[in-house]
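The following note is meant for a colleague who meets this structure for the first time.

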Amino acid sequence: MADYREAPLATRPKTLDPAEYFNLSLDQRRAEEERAGLRAQLKRQYQMQLNNPHRKELIEDPALTRWVYARTNPYNHFRATKKTSLLGGLFGVVPLFVLYYVLKTDRLCLTP
Amino acid sequence: MRISLFNVTATIEHGCRGFQKLGSSSFQGETARLLGAFSQIRAASGPSKGMLPGPYPQTPEERAAAAKKYNMRVEDYEPIPDNGEGYGDYPQLPDRSQHERDPWYSWDHPDLRRNWGEPIHWDFDMFIRNRVDTSPSPVAWHTMCKHLFGFVGFMLLMFYLGEKFPSYQPVAPKQYPYSNLHLERGEDPEKQPEEVKHFNI
């Protein structure tokens, strides 16, 4: 697989990444260990809740809560920039006028 | 490194202590989600303000706090660039779909190939295994493009040429028997029908 070339819209699989095999400096190893540590802590928390015989309720996932909150409340951090104004105008204002014109001229009288 | 792990544990446990309720936390979670839709109203129950997404971090301390909140390393945490579209301090995770994750690892949620508490990509609902797949294609992309567009282009060209230059069996006007249906067409039976020659032998 030495001549593998990734596609423009696809990604290189982790197992074909040469950095994983050759350039493992101590810093990278330490980083991987820290990530594994975080993962292990989360796993432990989940397993403790899962196997608790006195638990009666669903296990709540704070990451999910945060994701839902972030997706439903983007307007808290919305700012009117050039791009957002352009998108807002393009999707919210222009269709009104275009549809009005198109529907009016599509009627039998063929005049606005 | 051991000390840092302990700090991480302590922080996560402290932050998550609010979630380990003995009451009916599922109902309270529902309320929090419902009320979270109206941004200015929040119940006193549910996650504290520090555990929910906030504005884009300006100082390194805010960055560190946000990384802790999202259960990520400070070096890994990179918020989505602030362009006014309302992302806040949500982290920018790699745009990899769940197809690419190891199918043989023991995930907490095997169908989603995700562990509990792991930070969720902004477009997670797009990257589930029923939807967008970013895994590498088995054949090179340029080969696939060439094959597909070559075939479709060729077929379009041939159909266009077939429309322009039609080719079919030779045809002639229809020939009727009984002197061109002389009687059936209501002509005079006494009158001699005219001779119509259809062919030359």
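1. In chain A, the side chains of Glu32(A) and Arg35(A) form a salt bridge, with an N to O distance of 2.6 Å. A salt bridge here is a side-chain nitrogen of Lys or Arg within 4 Å of a carboxyl oxygen of Asp or Glu. Both residues belong to helix α1 of chain A and stand three residues apart, about one turn of the helix. Helices are DSSP runs (H or I, at least four residues), as strands are (E, at least two), numbered from the N terminus.

2. This is a predicted model, in which local features need pLDDT of at least 70, side-chain atom pairs count only at pLDDT 80 or more, and totals for chains, interfaces and linings use all residues. Residues are numbered from 1 along each chain as its sequence is written, chains are lettered from A and ligands numbered from 1 in the order in which they are written, and side-chain values use heavy atoms, leaving out hydrogens and water.

3. Glu32(A) is partly exposed at 39% relative accessible area, and Arg35(A) is partly exposed at 28%. Buried means under 20% relative accessible area, exposed over 50%, and partly exposed in between (1.4 Å probe, protein chains only). Glu32(A) and Arg35(A) also take part in a network of salt bridges with Glu34(A), Arg73(B), Glu75(B) and Asp76(B).

4. A further salt bridge pairs Lys83(A) with Glu85(B), whose closest N and O atoms are 2.9 Å apart. Lys83(A) lies in helix α3 (residues 82-106) of chain A and Glu85(B) in the loop between α3 (60-69) and α4 (141-164) of chain B, so the pair joins two chains. Over all chains, the whole structure holds 14 salt bridges.

5. Within chain B, Glu78(B) and Arg63(B) meet through their side chains in a salt bridge (3.9 Å, N to O). This pair links distant parts of the chain, 15 residues apart: Glu78(B) is in the loop between α3 and α4, and Arg63(B) is in helix α3.

6. Is Glu60(A) buried or exposed? Glu60(A) is buried, with a relative accessible area of 10%. Its place is in the loop between α1 (26-50) and α2 (62-72) of chain A.

7. Chain A has three helices and zero strands, and 25% of its 112 residues are buried. An unreviewed UniProt entry places a "transmembrane region" at residues 86-103 of chain A; such annotations may be inferred rather than shown by experiment. Over residues 86-103 the chain is 100% helix, with end C-alpha atoms 24 Å apart.
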